[in-house]
Amino acid sequence: MDARVEEPTAPSAAESWFAARGWQPFDFQRRVWAAMAEGRSGLLHASTGAGKTYAVWLGALARRREGPGLQVLWITPMRALAADTTRALQAPLAELAPGFTVAQRSGDTAPSERARQQRRWPSALVTTPESLSLLLTREHSRDEFAGVHTVIVDEWHELVGNKRGVQVQLALARLRRWNPALVVWGLSATLGAVEHAMAVLCGPGGELVRGRVDKTIAIDTLAPAQPGRFSWAGHLGAQMLQPVVDEIDRASTTLVFTNTRSQSERWYQMLLQARPDWAGLIALHHGSLDRAARDWVEQGLKDGRLKAVVATSSLDLGVDFLPVERVLQIGSAKGVARLLQRAGRSGHAPGRPSRITLVPTNTLELVEAAAARRAALAGEVEPRHSPDAPLDVLVQHLVTVALGGGFDADLHSSGGFDADAHSSGGFDADPHSSGGFDADARPGGGLGADPRHGAGDEAGKDNEGHHGAAAMFDEVRSAPAYATLSREAFDWALGFVARGGTSLAAYPEYHRVRVVDGRWRVSDRGIAQRHRMQVGTIVGDATMAVAWVTGGTLGQVEESFVARLRNGDCFVFGGRVLEYVRSQDMTAFVRRATRADGVVPVWQGGRMPLSSELARSVLRCLADAADGRFDEPELQLARPMLDAQQRLSRLPRPGRLLAETLHSREGHHLFLYPFAGRNVHLGLAQLIAWRLARAAPGTFSLSVNDYGLEIVAAGVPDLAPLRDGSLFAPDALLDDLLASLDAGALAQRRFREIARVAGLVFSGYPGAPKSMRQLQASSSLLHEVFRKYDPGNRLLVQAKDEALQHELDLGRLHEALQAMASATLDRVALRAPSPLALPLMVDRLRERLSNEKLNERVARMVAEAEAALDAPARPQPRRALA
């Protein structure tokens, strides 16, 4: 296919289109148009609603050519964005590019539309990373994509730091192989380390364009009437309900963001109970609801029919809801980028102000609110870094490429692989959301070429003859995530998909690629079908559909939640109270409950840790409070709590580490406040308890939150390592950390995800998915086989590394230990729980007490603390630390 690009359309065409609508292009839009016209790639970083879409889209249209075939790919991280994006891209076509067509392709695309696209591809395709990788498995993918001259990756900040972003990098490497002049642009509004993010997407020499548009972002806080001197997780939730209702009542349309799906279900129920007349006027939106329900909510927002929507991150990204007037954030956003992203859902147009109001659920979140505003105004946005050479993604990609025409074997350099191949018929499967397949049989095509009839069209291309496994290695290394990949690691991955490694060589289902007429291909129909069905890197816990016994689907909940239900149990889902009836074929059948309440499902991975940037800002706020400066209204509201902390103990400061001790009927408590986030504190608590037990054996109970950690011992612990600083020594960190926790269990849990991404575990066919128990059993068996018979298996090493980096955030943990070791220690023996200590105690007690007993215990602890505050101050004996 001729991939030549015509001379760019004069920039005045885009400007004329703007002028016809009363718009004036921004300087950053002109810069993007000029760069794209010159064939340069880059990253556009501009605030939400500033006009990023038309900056890159009109630049792409200026590069168009006449004739059929794909020319532009628009990659979006969420299927929910595809429809809106498609509509926006179609708007200028009639005037600027008649005959240019735009379509979308994702898991939601109907089979009829897929078939239509395959007969005649649109000029531009809006798709997701998973669907793009799936398209690359097509036998004639090179012919179909050779004419693509421009790729635009929307919301790049959502992809750059995870394996989905790595998947995009590998797909771009493949497209650049076919078209070295490919132009790639990324879009983002909330990126830290933008130069790194651009280099990951575009490689060296990219053009960084910052869209500086005068746009007001207001960040304020809904004030609780009685913040109190002591608070804990969820303490202010009920108190804040009426103020939230009042805010919604005053606005035309409001988005109410929560951090978890469980929290969104609870707040939706609370709002309906407070205002029954809002039934039908407020709605719920999260990723586990049925697609049709989410579409209805999104359309209602666009039409202005809904008064409010309670949502999770499912509405974070660039869906354009112009009627949205107000955005409320329940609890802390936990990160500056997330806060700015959600603020941008209001005023989503150039020149319109954006406003987000934080709703504290405990008094400490008032401090977080002030800190978040400071960090946002200072531009302290969290950086995102690309994963380093994940081999599970590489293994999957090698099978994808082998399916999509294959790659030259070059056996003299890769050597030693089984070159035998089985025959297969022509079959090009494209799984879609309804669970079927769209077969596209072609002569010489299918799952790979039949060795009885030659290697197919791709193998015969003259200019492919010199590209072999060495060329594939170079192609993979051109993706920044794999820039340091060794030839040895690449050969291991190729050998693994060819033979199953040392321990799986006897099992044909793990011989996924074979050499056919000098090219690595997939020649087994079943292997190809299974691979296409689970292309992608999104791995979640197994879910079960929630459906009415009378027919109709509501969404999905995790299998582990349904497993605890009995017939007649009630739970809240999709804003309804449902009665569980039975489970069948991975579906939980329900009916409407006669009761008004029920348990709320808890989805895994819901708690987000405090980011480093926000944590540092919180510490600076606390230092100001310690110096008597309460400049922000939130600090004024939190002043009773902060004063209580100062009187009972001290306020944490940068460069100092607060260590509190307390003796209660439970035992001896040690509280430390590194302000490093929940995940890091979990590792720190395990590590410190292990080091204390090494000096004096004992049993410890642990509790962590975003601010600190608690260690409780039955006997008096020897705190000499605390005093001399050896407790925080970063030396031998890895060895001590592995000894202090069940690293094997963490790595095995991580291996489950790696095994599914690498295609070792199959999640089931449409209509017959495997249960989580089956998937866990399969991955556990593989883990045990590798551990015993192939201990050097690189996927095992990856699982261990990811467990440390992702579960415990090893890098940040090391930084926290270094900071603790160098900090000045502030030691305080408490008379009663301090305002910082109490939430840690409550979180620990919540795990083992009923709500009623917990409330009684908390009331008693608060009364003791209040009495200690009212009693005359006494010198704190240092011997309590001995």
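Which elements are included in what covers the buried residues of α25? I will come to that after a word on the model. This is a predicted model, in which local features need pLDDT of at least 70, side-chain atom pairs count only at pLDDT 80 or more, and totals for chains, interfaces and linings use all residues. Residues are numbered from 1 along each chain as its sequence is written, and side-chain values use heavy atoms, with hydrogens and water left out.

Helix α25 spans residues 639-648, and its buried residues are M641, L642, A644, Q645 and L648. Buried means under 20% relative accessible area, exposed over 50%, and partly exposed in between, with a 1.4 Å probe and protein chains only. Helices (H or I, at least four residues) and strands (E, at least two) are DSSP runs, numbered from the N terminus. Seen down the axis of α25, the buried residues fall within an arc of 160°, so they line one face of the helix. The arc is that of the directions from the helix axis to the C-beta atoms. Now the opening question: the cover includes α15 (364-377), α23 (612-626), α24 (633-637), β22 (656-664), β28 (824-829) and α34 (851-870). Contact here means heavy atoms within 4.5 Å.

Helix α28, residues 733-740, can be read the same way. Its buried residues are L733, D736, L737 and S740. These cover an arc of only 100° around the axis, which puts them on the same side of α28. Their cover includes α26 (678-695), α31 (794-807) and α32 (810-822).

Next, the cores. A nonpolar core is a set of buried Ala, Val, Leu, Ile, Met, Phe, Trp, Tyr and Cys residues joined through side-chain atoms within 4.5 Å. The largest has 73 residues, and L255, V309, V367, L642, F671 and Y673 have the most contacts inside it. Helix α15 gives the most to this core, with nine residues. Apart from it lies another core, of 51 residues, including M472, L485, F496 and V515.

Y673, not counting residues up to four places away in sequence, touches L657, L658, E660, Y707, G708, S834, L836, A837 and L840. G708 also comes up with N705: a polar atom of the N705 side chain lies 2.9 Å from the backbone nitrogen of G708. N705 sits in the loop between β24 (700-704) and β25 (709-713). Its relative accessible area is 7%, so N705 is buried. Beyond four places in sequence, N705 is in contact with G677, R678, H681, P839, L840 and D843.

Last, the aromatics. Rings of Phe, Tyr and Trp (its six-membered ring) pair if their centres lie within 6.5 Å; planes under 30 degrees apart count as stacked, over 60 as edge-to-face and the rest as tilted. The whole structure has 14 aromatic pairs. W17 and Y54 have ring centres 5.2 Å apart and planes at 70°, so this pair is edge-to-face. The pair links distant parts of the chain, with W17 in helix α1 (residues 11-20) and Y54 in helix α3 (residues 52-61), 37 residues apart. W17 is buried at 3% relative accessible area, and Y54 counts as buried at 15%. For F18 and W23, the centres are 5.5 Å apart and the planes at 85°, so that pair is edge-to-face. F18 is buried, at 4%, whereas W23 is partly exposed, at 39%. W17, F18, W23, W33 and Y54 form one aromatic cluster.

Methods:
Polar contact = N/O pair within 3.5 Å; in protein donor to acceptor, adjacent residues only side chain to side chain.
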